[in-house]
Amino acid sequence: MISPQEPSRDMSNEEYARVMTGEKYWREHIAKEIEALFCNGSNGCYGVNKEHCDVVKECADIARGQK
């Protein structure tokens with residue numbers, strides 16, 4: 001994936017914008033899959049302790065590019 005922090009190489013600004021839109025979609029898709037495997041919506045995580053739930057939420061944030 002292209003990182004938003006990296007400058008585009010050999011791409012026009014238009015091409016880079018298209019790629020970044022796709023990356024945002026896939027980042028959100030992956031984060032939702034992580035949460036779906038371990039979390040029960042706003043009620044927390046399935047049968048795990050708070051520390052584990054915090055780790056799962058942090059993984060989802062990383063997948064979204066927020067951390």
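Colleague: Which residues are linked in a network of salt bridges?
Modeller: E28, E35, D61 and R64 make up that network. Bear in mind that this is a predicted model.

Colleague: How far apart are the closest N and O atoms of R64 and E28?
Modeller: They are 2.9 Å apart in that salt bridge. The pair links distant parts of the chain, with R64 in helix 2 (residues 50–64) and E28 in helix 1, 36 residues apart.

Colleague: And E35, what does its side chain meet in a salt bridge?
Modeller: R64 again, at 3.1 Å from N to O. E35 lies in helix 1 and R64 in helix 2, so this pair ties together parts that are 29 residues apart in sequence.

Colleague: Why does E28 count as partly exposed?
Modeller: Because its relative accessible area is 28%, and partly exposed covers what falls between under 20% for buried and over 50% for exposed. E35 is partly exposed too, with a relative accessible area of 25%.

Colleague: How many salt bridges does the count come to?
Modeller: The count comes to 4. One of the salt bridges is between the side chains of E23 and R27, at 2.9 Å from N to O.

Colleague: Where do E23 and R27 lie?
Modeller: Both are in helix 1, 4 residues apart, which is about one turn of the helix.

Colleague: Are those two buried or exposed?
Modeller: E23 is buried, and R27 is buried as well.

Colleague: Switching topic: which residues make the nonpolar surface patch?
Modeller: Y25, W26 and I30 make it, and the patch is about 330 Å². W26 sits in helix 1, which runs over residues 13–38.

Colleague: How many aromatic pairs does the structure hold?
Modeller: It holds 1. Y25 and W26 form that pair, edge-to-face, with 5.0 Å centre to centre and 80° between the planes.

Colleague: Now the whole chain. How many helices and strands are there?
Modeller: The protein chain has 2 helices and 0 strands.

Colleague: And what share of the residues counts as buried?
Modeller: Of the 67 residues, 19% do. The accessible surface of the chain comes to about 5,200 Å², and 54% of that belongs to carbon and sulfur atoms.

Colleague: What about contacts between residues 24 or more positions apart?
Modeller: Those account for 36% of the chain's contacts with a separation of 6 or more.

Key: Residues numbered from 1 in each chain as written. Predicted model: local features only at pLDDT ≥ 70, side-chain atom pairs only at ≥ 80, totals over all residues. Heavy atoms only, no water. Patch = residues over 30% accessible without salt bridge, like charges linked within 9 Å, V, L, I, M, F, W, Y side chains within 5 Å. Areas by Shrake-Rupley, 256 points an atom, 1.4 Å probe, with all protein chains shown as cover. Phe/Tyr/Trp six-rings, centres within 6.5 Å; stacked < 30°, edge-to-face > 60°. Buried < 20%, exposed > 50% of the residue type's maximum accessible area, 1.4 Å probe, protein only. Contact = heavy atoms within 4.5 Å.
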